[in-house]
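I opened my notebook to get to know a new structure. Here is what I looked up, in the order I went.

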Amino acid sequence: HQACKHSSLVESVEHIFCLCFRVRSAWLWLRAKVTELLSDQGPAPAVSNTELIMLMYPKCRREAEAAFLLCTFMELVDREVAGKKKELMVGTVRGVLRAKVEQISSRAAPEIHFPLGWL
């Protein structure tokens, strides 16, 4: 991204998906949700942004849901930020996630369960 290049920010996986001004607020919201899922068996594990993006986190009972959130987010960053050069808003992420959950619940697929109103 041009603004990031002017600030001499390194274009790393962490920058593209977590730290860039175009994704930061959406990432912070998503990271909090994923951390909540990963803490189903006690305190949340210490996992870096890069480890989350690379799906390198400890096993948990809500692993499918965590992967679903992270993969959907990465797809949105690729489409909206990299492709369309837009800022990714929390509302956009929540709306896409809700739509995907609704779509998945109407077909035969691995079950993913989120508490009502959680997204």
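Entry 1: I began with leucine 30, which touches Leu69, Leu70, Phe73, Val93 and Leu97, leaving out residues up to four places away in sequence. Contact here means heavy atoms within 4.5 Å. A note to myself: this is a predicted model, where local features need pLDDT of at least 70, side-chain atom pairs count only at pLDDT 80 or more, and totals for chains, interfaces and linings use all residues. Residues are numbered from 1 along each chain as its sequence is written, and side-chain values use heavy atoms, with hydrogens and water left out.

**Entry 2: the core.** Next I asked which residues have the most contacts inside the largest nonpolar core. They are Leu30, Leu69, Phe73 and Val93, in a core of 32 residues. Such a core is a set of buried Ala, Val, Leu, Ile, Met, Phe, Trp, Tyr and Cys residues joined through side-chain atoms within 4.5 Å. Buried means under 20% relative accessible area, exposed over 50%, and partly exposed in between, with a 1.4 Å probe and protein chains only. Helix 2 (13–19), helix 3 (24–38), helix 4, helix 5 and helix 6 each supply at least two residues of this core. Helix 5 gives the most, with nine residues.

**Entry 3: the whole chain.** I counted six helices and zero strands. Helices (H or I, at least four residues) and strands (E, at least two) are DSSP runs, numbered from the N terminus. Of the 119 residues in the chain, 34% are buried.

**Entry 4: two helices together.** I looked at helix 3 and helix 6, which pack at an angle of about 50 degrees with their axes 8 Å apart. The axes are lines fitted to C-alpha atoms, for helices over the stretch in contact, and angles run from 0 to 180 degrees between N-to-C directions. That makes helix 3 oblique to helix 6; angles under 35 degrees count as roughly parallel, over 145 as roughly antiparallel, 65 to 115 as roughly perpendicular and the rest as oblique. Ser25, Ala26, Trp29 and Leu30 of helix 3 meet Val90, Val93, Arg94 and Leu97 of helix 6.

**Entry 5: two loop residues.** Most residues other than glycine have a negative phi. Leucine 55 has a positive phi of about 60 degrees, and I found leucine 55 in the loop between helix 4 (49–53) and helix 5 (63–83). Is leucine 55 partly exposed or buried? At 36% relative accessibility, leucine 55 counts as partly exposed. Lysine 85 also has a positive phi of about 60 degrees, and lysine 85 sits in the loop between helix 5 and helix 6 (90–105). At 53% relative accessibility, lysine 85 counts as exposed.
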